[in-house]
Amino acid sequence: MSRPEEIAPPELFYGDTEAQKYTANTRVQSIQAQMTHRALELLALPEDESAFLLDIGCGSGLSGEILDEEGHIWVGVDIAPSMLEVALEREVEGDLFLQDIGQGFGFRPGSFDGAISISVLQWLLNADSTSHSPPQRLTKFFETLHSALRNPSRAVFQFYPSSDDQVQMITSAAQKAGFGGGIVVDYPNSKKARKMYLCLMVGQQEVPKGIDGDEMGIEDKERLRETIRNEKRRRKDKVGGGKRKKGKADITAKDWVLKKKDLYRTRGKEGVPRDSKYTARKRRVQF
């Protein structure tokens with residue numbers, strides 16, 4: 001089976017249908033939550049303090065919701081408009097930017113206390129057009145990211161390289177940009193549980209160790225089960241009328257439809273139906 005990054009550029013691969021399907025997949029939700037918690041652990045942020053974080057390739061905001069739960073403020077960037085539209089529909093708390101990370105960032109120096117990225121970095125290794133050069137895009141990405149992070153801080157990337165050469169290309173570009181750190185591998189001898197993280201440092205810091213062993217231990221499995229349970233419980237509350245966030249009024253179906261239509265018009269989509277008294281009205285069942 002082909003990897004997603006080998007099928008099409010991310011802004012095309014994650015169209016409206018794929019963005020909705022990805023976000024609604026419970027297995028994706030659980031895995032994303034697990035890897036986001038691990039990335040936060042590797043960031044080694046001060047306990048009981050709110051940090052200002054950058055979520056690189058934020059997509060529909062699955063990782064951002066974890067950052068919210070941990071009490072952090074975040075900004076998300078992504079190249080796929082459909083993913084960001086889903087994030088807006090889900091009313092995520094972070095500020096969202098449509099951004100090709102291969103062109104670098106324009107944030108002020110020292111803006112962020114840290115950065116995370118889940119399943120995104122490998123997309124920079126593909127030349128999706130004749131003007132794309134993976135080494136140049138990696139260099140621009142890491143140089144501007146290094147500038148946007150305060151000193152000391154960390155950036156943690158979970159990614160899926162297809163070869164050792166890709167790992168070498170990425171780590172070399174990061175080092176040239178001024179980062180320290182290296183690769184952290186969890187469960188290196190397990191085909192299912194193995195995960196690779198690039199843990200980059202601004203300032204002198206010690207590289208964390210990966211979780212060793214062939215497979216997950218009892219404590220790690222229980223932590224994963226608890227993560228999945230919490231994720232299901234949170235989504236059930238959100239969909240089923242459980243606890244709502246403070247300050248947010250109930251939104252009717254018509255309000256939601258009108259808001260989505262305004263969003264489409266703002267983004268320049270054609271063929272958006274005009275508003276009328278029939279907007280969002282339920283149709284009578286036909287026999």
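R90 counts as buried, with a relative accessibility of 13%. Its side chain meets that of E65 in a salt bridge, 2.6 Å from N to O. The model is predicted. In it, the count of salt bridges comes to seven, and a search of the whole structure finds 13 aromatic pairs.

**Salt bridge E65–R90**

- The side chains of R90 and E65 form a salt bridge with an N to O distance of 2.6 Å.
- E65 has a relative accessibility of 7% and counts as buried because the cut-off is under 20%.
- R90, at 13% relative accessibility, counts as buried because of that cut-off of under 20%.

- R38 and D186 form a salt bridge in which the closest N and O atoms are 2.7 Å apart.
- D186 belongs to strand β6 (residues 180-186) and R38 to helix α4 (residues 26-43), so this pair ties together parts that are 148 residues apart in sequence.
- Both R38 and D186 are buried.
- A network of salt bridges links R38 and D186 with E41.

**Salt bridge R3–E5**

- R3 and E5 are joined by a salt bridge, with 2.7 Å between the closest N and O atoms.
- R3 has a relative accessible area of 25% and is partly exposed, because that value falls between the cut-offs of 20% and 50%.
- E5 is buried, with a relative accessible area of 6%.

**Aromatic pairs**

- The 13 aromatic pairs come from a search of the whole structure.
- In the pair formed by Y14 and W123, the ring centres are 6.0 Å apart and the planes stand at 55 degrees, so the pair is tilted.
- This pair links distant parts of the chain, 109 residues apart: Y14 is in the loop between α2 (10-13) and α3 (16-24), and W123 is in the loop between β4 (112-118) and α7 (134-148).
- Y14 and W123 are both buried.
- Ring pairs also link F52, F97, F105, F107, F112, F141, F142, F157 and F179 into a cluster.

How values were computed
Residues are numbered from 1 along each chain as its sequence is written. This is a predicted model: local features need pLDDT of at least 70, side-chain atom pairs count only at pLDDT 80 or more; totals for chains, interfaces and linings use all residues. Side-chain values use heavy atoms; hydrogens and water are left out. A salt bridge is a side-chain nitrogen of Lys or Arg within 4 Å of a carboxyl oxygen of Asp or Glu. Buried means under 20% relative accessible area, exposed over 50%, partly exposed in between (1.4 Å probe, protein chains only). Helices (H or I, at least four residues) and strands (E, at least two) are DSSP runs, numbered from the N terminus. Rings of Phe, Tyr and Trp (its six-membered ring) pair if their centres lie within 6.5 Å; planes under 30 degrees apart count as stacked, over 60 as edge-to-face and the rest as tilted.
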